[in-house]
Amino acid sequence: PLFRSGVFQLFIMATFRCSPRLVSHLFRLRAPASSAVKRLAYTKTGALHPRPEKGPVLGLTRVVVLTIPFLYVGALMSKYGAAWLEEKNIFVPQDDDD
């Protein structure tokens with residue numbers, strides 16, 4: 001592969017002004033990956049699979065579908081909660097005649 005070639009390592013040393021020892025150490029490092037990750041992310045030749053295709057983004061539709069019902073439920077809870085508090089005389093607004 002290209003990144004294992006000496007020319008590429010010389011390019012990295014010149015670009016980032018690294019020592020040869022550091023560059024060779026960096027190219028020896030490999031991230032530990034399980035066989036399942038390797039099998040799913042890489043092809044048999046070692047290349048990465050292409051990115052999966054994304055479905056349509058329903059941004060505004062999703063916001064409306066989630067916001068309206070939860071606002072309605074929250075309003076109902078507030079309405080019935082306030083009525084229950086007044087019924088139990090826990091919170092009763094008083095008219096102040098000042």
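Let's start with helix H4, which covers residues 59–87. Its 29 residues reach 42 Å from the first C-alpha to the last, close to the 42 Å expected at 1.5 Å a residue. Please keep in mind that this is a predicted model. H4 has the highest mean pLDDT among the elements of the chain, at 94.

## The chain as a whole

How many helices and strands does the chain have? The secondary structure comes to four helices and zero strands, and from the N terminus on the order is α-α-α-α.

Of the 98 residues, 4% count as buried. The chain exposes about 9,600 Å², and carbon and sulfur atoms supply 65% of that area.

The mean pLDDT of the chain is 78, with 68% of the residues reaching 70 or more. Which element has the lowest mean pLDDT? That is helix H3, residues 35–41, with a mean of 67.

## A nonpolar patch on the surface

Leu-60, Val-63, Val-64 and Ile-68 form a nonpolar patch on the surface. Together they have about 400 Å² of accessible area. An α-helix has 3.6 residues a turn, so residues three or four places apart point the same way.

One member of the patch, Leu-60, has its place in helix H4. Is Leu-60 buried or exposed? Leu-60 counts as exposed because its relative accessibility is 68%, and the cut-off for exposed is over 50%.

What follows H4? Here we meet Asn-89, whose phi is positive, near 55°. Asn-89 has this positive phi although it is not a glycine, and it is found in the segment after H4.

With a relative accessibility of 60%, Asn-89 counts as exposed. So the two residues looked at here, Leu-60 at 68% and Asn-89 at 60%, both count as exposed. Leu-60 sits in H4 itself, while Asn-89 belongs to the segment after H4.

Definitions and conventions
Residues numbered from 1 in each chain as written. Predicted model: local features only at pLDDT ≥ 70, side-chain atom pairs only at ≥ 80, totals over all residues. Heavy atoms only, no water. Helix = DSSP H or I, 4+ residues; strand = E, 2+ residues; numbered from the N terminus. Buried < 20%, exposed > 50% of the residue type's maximum accessible area, 1.4 Å probe, protein only. Areas by Shrake-Rupley, 256 points an atom, 1.4 Å probe, with all protein chains shown as cover. Expected span 1.5 Å × (residues − 1). pLDDT = per-residue confidence, 0-100. Patch = residues over 30% accessible without salt bridge, like charges linked within 9 Å, V, L, I, M, F, W, Y side chains within 5 Å. Salt bridge = Lys/Arg side-chain N within 4 Å of Asp/Glu carboxyl O.
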